[in-house]
Amino acid sequence: MTFTTLTFILLLAIAFTTYWSIKQRSYQNIFLIIVSYIFYGWWDYRFCFLLFFSSLVDYVAGYYLARLEDPKWRRLLLGLSLIFNLGILGFFKYWNFFADSLSRALGSVGWQVDAFSLNVILPLGISFYTFQTLTYTIDIYRRQLQPARNLINYLCYLSFFPQLVAGPIERASHLLPQVERDRQFNYARSVDGCQQMLWGFFKKMAIADNLAPIVERAYASPGGMSGPQLAFATVLFAFQIYCDFSAYSDIAIGTARLFGFDLMQNFAYPYFSQSISEFWRRWHISLSTWLKDYVYIPLGGSRVAPIRRSLNVMITFLLSGLWHGASLNFVIWGGIHGALIILEPLWGAKSALKATDIPGGERRLPNFSTVFRIVLTFTLTCFAWIFFRAQSGQTAALIIRKILTEPFQLAAYQSFGTIFSTSPLEPQILITLLIGFIAAEWMQRHKTYPLQIEKWHAPLRWLVYTALFWITLFWGTWNTGEFVYFQF
Amino acid sequence: MSNLKRFVLRLAGFFSLQAAVAGVVLTPYMINYRDVVANGFMAASIDKQAELKQPQSRPRLVLVGGSSVAYGYSSPLLKDHLQYEPVNMGLHAGLGAEFMLREVEPGLKSGDIVVISLEYENFIGFPPGAKDVYDVIEADWRNVQFLPLSYLPSLMDEGLVFLGGVFRRSVASATGDLERKPYYQRNSFNNYGDVTGHYGLPQVTEKIASEGKTFNFDPQDVQYVIRSLNEFNQRAKARNIRVFYSYAPLMKKVLTENQTQIENVAQTLSKSLEFPILDRPEDVAYLDSAYFDSRYHLNQDAARQRTIALIDRLSPHLPIAHHENSPDRP
């Protein structure tokens, strides 16, 4: 079930009213599990069995990891849990990628083998909930977390519907305690949740889904596009994927608030970053911190020799790329980010900023050097997005070649406007929306999300909400289209 | 007042405000839009259903399917050569086979003949997308009665798509930005339900060129539709109504491009359908020039040609057909 459907809104309305009419926490949790499985099973009921089975295995693993004392047995149990989880993820997500790669590799040395490819359907959200369940067993193994008090609580934690399919990837240490304590309805947080949802709907429907057809056309046939058009399409893709993915997080966080849960912030104005390392503190925070805590630091982190540190960074980013999908393009995308972070100190990029710092500094109008760093970081991010979005390495290479060579040819600009031929909106409306969105993000970047305007006068606030509501309903592309990150 | 109650009231306040905004801003547009809908293509369902309910002195030949049926027959010709009163119920493939069958079933009477021609898209992806279903409900809300339960998930999923579309189309209809093709209107149909509004108009090649070319049938979907057709036939048989199947007139070029896939479907249909199939896919496939604006929409001459083919193939099955009164061959 997608957030942008009437089905979800009906489910949410029914779930919200029923949930708060249930007085006992244990029954509330059971109810949330039922709602979550309906939400997940709406795509394909078979996915529910996998989710349940995966949950069961890790619940049992967590139970024994907490009770066993012998390090050997504990290591063995953790190993089995990791093999199981990563095995499932590997089978569903990477089998065909590795099978095809192996067939090609063997074929290139003259050993022809039939492809081992299988017709495997990728269960939605498997990368998200697998990483979530891994935090549970690893944290219990590290004695940093107590296991769930019962299976119901654990099922509720893992299947919690707002973030099940596309995150934020919640740590057991953050979400499980919330599942296990009584929850009271909180007026202010619920209102805040609704506002964040409204902002998410606006980003997804009015921006991301209206940009998608333009980007799709450009990337589907880059040969017929000029360099400037491809460069523009890449910039639009940067905003499409940001608005799409961060919208999912906004709606998820807002929905969770309605049920008395706090999910972690997943985006913190990443395009105002002044370095790639800052970008990764602001982009998909739940994944980047997961990789830092469970891959980068165990590898030695930065407390090792510079070369080893660089290797750790590269391994982490290559894994990040692979997490996104079984394709060499994603690996290259991760590799580019890893390389940029390794090389960043060479040009003295600012890397001290944290996600909690105000992006772009506190000044309303930034100085020239800040603007330069923001633009440079954004440009580098866009360069990497080319690999992320292109169908293949060759396509990405073609796009880059055109972008680099054609801007200096006058002819390349003559039919620039044709890039909007697939746009669902008039170009001037679309560009106005995009500029308005960027301006709103800049002005409100000291807030968790731009629609936190509780200090404004009530009539003005309601005017903004109403305007956003109607822009979304009127100009939004309500196409039940799924979110980009569902495929990961 | 509890916090929860306060919250619900505030939420209700917000949506009431939006309803008021909609009322004030959109009502003038909606009045105009209502008119557009009442005269739109889908509103022809009202006339078709009324025609089906009309008492007739002789049994009817009811043509069922999507727009390929609406565009694909000349009912006056059928009336002249068969002793049956034609009722062309064809409207839109996007309504799906189940809707089409449910729509005609209550109006059928003992002795009627039903000829079903489903576009190949009806065997792909089930249930169908909700857009066209919403459009037909928008034209006449009583069409809800023909919705099978299996359509509900996609209708719910696409409910907001429809709502947004209503607002956009309302404004566009008042500002003159809503594209209204004269041959896609309620008055483009004749009294029998055939589309005739395009007669004499030149071919619209751009639309044909923009249509997808390949079919990817899902065997499960094919079986599902066959099951629905057979169940319909069973119920019809019990009421002394005979059912036939005739293939949709797909453009020859597209048929050739999908030869293997379509042959597989045709084989499954011949094996599994429990009522007669009158032709083969290639019998009703025509050259590009026979189509108006889609790979299914025949022009006047081709519709006549197809009608003659139907008369020829159907006549032997009909006890009261006038075999001697053969139509002129083109």
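Chain A and chain B bury about 2,600 Å² between them, and 75% of this lies on carbon and sulfur atoms. Buried area is the accessible area (1.4 Å probe) that two parts lose on being put together, summed over both. In chain A, Tyr187(A), Trp462(A) and Phe474(A) lose the most area to chain B. Together they give 27% of what that side buries. The model is predicted: local features need pLDDT of at least 70, side-chain atom pairs count only at pLDDT 80 or more, and totals for chains, interfaces and linings use all residues. Residues are numbered from 1 along each chain as its sequence is written, chains are lettered from A and ligands numbered from 1 in the order in which they are written, and side-chain values use heavy atoms, with hydrogens and water left out.

The contact (heavy atoms within 4.5 Å) takes 29 residues from chain A and 26 residues from chain B. Across this interface there are 0 salt bridges. A salt bridge is a side-chain nitrogen of Lys or Arg within 4 Å of a carboxyl oxygen of Asp or Glu.

Helices H1 (6-21), H9 (187-220) and H19 (458-475) of chain A each supply at least two residues to the side that touches chain B. Helices (H or I, at least four residues) and strands (E, at least two) are DSSP runs, numbered from the N terminus. H19(A) provides the largest share, 9 residues. By class, this side of chain A has 19 nonpolar, 9 polar and 1 charged residues. Ala, Val, Leu, Ile, Met, Phe, Trp, Tyr, Cys and Pro count as nonpolar, Asp, Glu, Lys and Arg as charged, and the others, Gly among them, as polar.

Chain A itself is divided into domain 1 (6-109 + 116-183) and domain 2 (189-487), with bounds from an automatic or database domain assignment. Their C-alpha centres lie 27 Å apart. The contact between them takes 39 residues from domain 1 and 36 residues from domain 2. The two domains bury about 3,300 Å², of which carbon and sulfur atoms give 70%. The count between them is 1 salt bridge. In chain A, the side chains of Asp293(A) and Arg171(A) meet in a salt bridge (2.9 Å, N to O). Several helices of domain 1 give two or more residues to the side that touches domain 2, among them H2 (25-41) and H4 (71-108) of chain A. H5(A) gives the most, with 7 residues.

In chain B, 8 of the 9 residues of helix H5 (residues 96-104) are buried, so this helix is largely enclosed by the rest of the structure. Buried means under 20% relative accessible area, exposed over 50%, and partly exposed in between (1.4 Å probe, protein chains only). Among the buried residues of H5(B) are Glu98(B), Phe99(B) and Glu103(B). The buried residues pack against several elements of chain B, including strand S1 (60-65) and helix H10 (219-238).

Glu85(B) lies in strand S2 (residues 85-88) of chain B. At 8% relative accessibility, Glu85(B) counts as buried. Its side chain makes a polar contact with the side chain of Lys79(B) (3.3 Å).

Notes:
A polar contact is a pair of N or O atoms within 3.5 Å; within protein, one must be able to donate a hydrogen and the other to accept it, and residues adjacent in sequence count only if both atoms are side-chain atoms.
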